[in-house]
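The following note concerns the salt bridges of the structure shown below. Please read the numbered points alongside the sequence and the coordinates.

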Amino acid sequence: MQLIRNILWAAALAMSSLAAQTVSIQLDGTDFRLVGWKPVPEPAEGWQSLFRVHVDTPDAPAMLGTYTPEPGALLFHPRFPLADGMTYVAEATLTDGRKATAILHTAARDLKAETRVEHIYPTADTLPANILKLYIQFSAPMSKGEAWQHIRLLDDQGKTVPLAFLEIDQELWDAAGRRLTVLFDPGRIKRGLVPTNEMGSPVTEGRRYTLVVDKTWHDARGAVLVEGVEKKFVGAPSDRTPPAPKLWKITAPQAGTTNPLVIRFPKPMDAALLERMLEVENIEGTITLADQEREWRFTPVTPWRSGTYHLIANNLLEDISGNHLDRAFDVDLAAAPRQAATSTGNTTQTFTIH
Amino acid sequence: MRKTAFLAGMICAATMAFAASNTGMTKGKVQLKSAGPLAFGPEGILFIGDSLGSSVIAVDTGDTKAASAGKVEITGINQKVAALLGASADQITINDVKVNPLSKNVYLSVTRGKGEGAVPVILRADASGKITEFSLDNVASSASALPNPPVAKAGARSDPRLETITQVAYSGGKVIVAGLSNEEFSSNLRTIAFPFEKNVTASSIEIYHGSHGRFETQAPVRTFVPYTIDNEPSIVAAYTCTPLVTIPMSDLKPGKKVEGATIAELGAGNRPIDMIAYKKDNHEFILMANSSRGVMKLKSDHLEKYKNITAQTDITGVPYETIGSLTGVKHLTSLDDSNALILTESDLRSVPLP
């Protein structure tokens, strides 16, 4: 690909170079080389007053880069790799009046749509009115900075629910750029706040909603998605009860097997945190989620041995309404005593393998 | 003459080395993974929030020559920055803008590219409007890591957790960092003593919102401004859930649970981006840029006199007005005692403080 692009550049240079008899501009790898000049000291205004490379837009300043004078040539090395699908202009005006110009067209990106939405968590089709967040998982890295143009929550009349999400410019992506975290506006979920009183919760119990992800959202290459996605769900009552580990059903596999340990929760839990905040002490294995994040399956690398094991849950583990194990998302102080800050401790349960 | 210059150079180098050692900095290349919010500390120290690198970097800009601010007007700054970086404007994101309080040069935190190949860049605009790169290739710097909550040792397929830094500020020897996790709903505000000690980790404080004295929830800080209230160093902060609160700096102690005192409830649709504090005509004001409600001006004389809003019938908080002439503001920062600097979709310009 790189080679093909270079050939295209070289061809473009050869065609459009309007060099005078002995001065010309050549492409050398990713550098621009002014050939045939008579070496002079760097002008007070900088080398760019003699030889400048710029993008082909009106009044474009010279591109950042470094100049290296060589015998018979002046080399410009761009600070950043040349971008795809761009036109670059290299212009030289020498002190003796000779001029040269070259125009480069870089090959456009391959914009075939290949990226898809793989999952939207929670996967349940009934979600509490105080649902706190969604995760949108893509098959490839996405472009940053356009999320809020491409995600909408529609009510059962097909109207956009206004201000449903916490639209922060920074966008909450993972490091790979493949998973976006979408927070519902916390001001409309928390009780007793002006936004909640003025507008109510974005999701209302008993009403139907459609989360729309547009096909026109660009991936990291600049291509649109293969298809748009809709997730339909129904609003359920708000859930303000911390998940209770003692209500989790633990099904232990048999010793000598690598069958999964299965933990069943009474309600869906946060998909991302189930991967990070629940573990079997000192045992390596892989986690899979099932039944709309009501089930956590842990398959060990080596067969289970008879004995007692510890299932450790970090107390920051949340259900899908943001309730931690040891604290509801918003605590009603009229009904519960004021707590210390959320614990960073764990809740440990034991199970036995026979 | 040459000797004098050499001597001056030596003195300058010695001074810089002294400054660098005093601030725990070492000279070399700074490898940012991302360039997010910026803040200036003392003596031209620039703090850069690097969300992907989970750290805050302090850089000695050496840009300490005092100057007074002139009128700033760079129209089409997005196009100009794009051209400088050899890319199209749709591939450029200006993440933050701050003014060096000494030199009045403008620093821009920029991302070139939006996908996998995205590169962080720090740019500097001088009084003439000329934009250049502020190179991080050979600068005195130090870093402070932002801690990540425990990662499950067994089973986790990857670690997609990331804390997105939404604001950085320096006040009274401390760097204050607000951020939002892309997984657990946490309300950690981090403070780091500066100069950074070696391998220092930012300590976190959990911020809570006591809504009308009845409901208590974790309240991530979206943006904030250091502010002295009744001679007490404090911050005025905007939560993601909209209330505006005050928190004394002395409360920001590691591991502590802190509850801000609500001084205004700004209502639904309020999405604060940046805040600055200033004095005019013997009164104190806070100017707040807001992504959907324009720029708000709050009269902030004697904030200590505003009691914590504790009842819904008690909405008598800090009075504010919307400045109709300022629209489309994406970033707002102080330029000098009389002027602010605003960044819109396409322009960077100074405006008189209203």
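1. Asp137(B) and Lys29(B) form a salt bridge, with 3.8 Å between the closest N and O atoms. This pair links distant parts of the chain, 108 residues apart. Asp137(B) lies in the loop between strand E9 (131-133) and strand E10 (139-145) of chain B, whereas Lys29(B) lies in the loop between strand E1 (26-28) and strand E2 (38-40) of chain B. Asp137(B) is partly exposed at a relative accessible area of 46%, while Lys29(B), at 54%, counts as exposed.

2. Salt bridges with shared partners also join residues of chains A and B into one network. Its members are Arg179(A), Arg276(A), Arg161(B), Glu163(B), Glu183(B), Glu184(B) and Arg190(B). The model is predicted, and a search of the whole structure finds 33 salt bridges over all chains.

3. In chain A, Arg221(A) and Glu114(A) meet through their side chains in a salt bridge of 3.8 Å, N to O. The two residues are 107 residues apart and link distant parts of the chain. Arg221(A) belongs to the loop between strand E14 (208-213) and strand E15 (229-236), and Glu114(A) to the loop between strand E7 (99-105) and strand E8 (117-121). Arg221(A) is partly exposed, with 27% relative accessibility; Glu114(A) is likewise partly exposed, at 45%.

4. Asp28(A) forms a salt bridge with Arg33(A), in which the closest N and O atoms are 2.3 Å apart. Arg33(A) counts as buried because its relative accessibility is 18%, under the 20% limit.

Terms used. Residues numbered from 1 in each chain as written. Chains lettered and ligands numbered in written order. Predicted model: local features only at pLDDT ≥ 70, side-chain atom pairs only at ≥ 80, totals over all residues. Heavy atoms only, no water. Salt bridge = Lys/Arg side-chain N within 4 Å of Asp/Glu carboxyl O. Buried < 20%, exposed > 50% of the residue type's maximum accessible area, 1.4 Å probe, protein only. Helix = DSSP H or I, 4+ residues; strand = E, 2+ residues; numbered from the N terminus.
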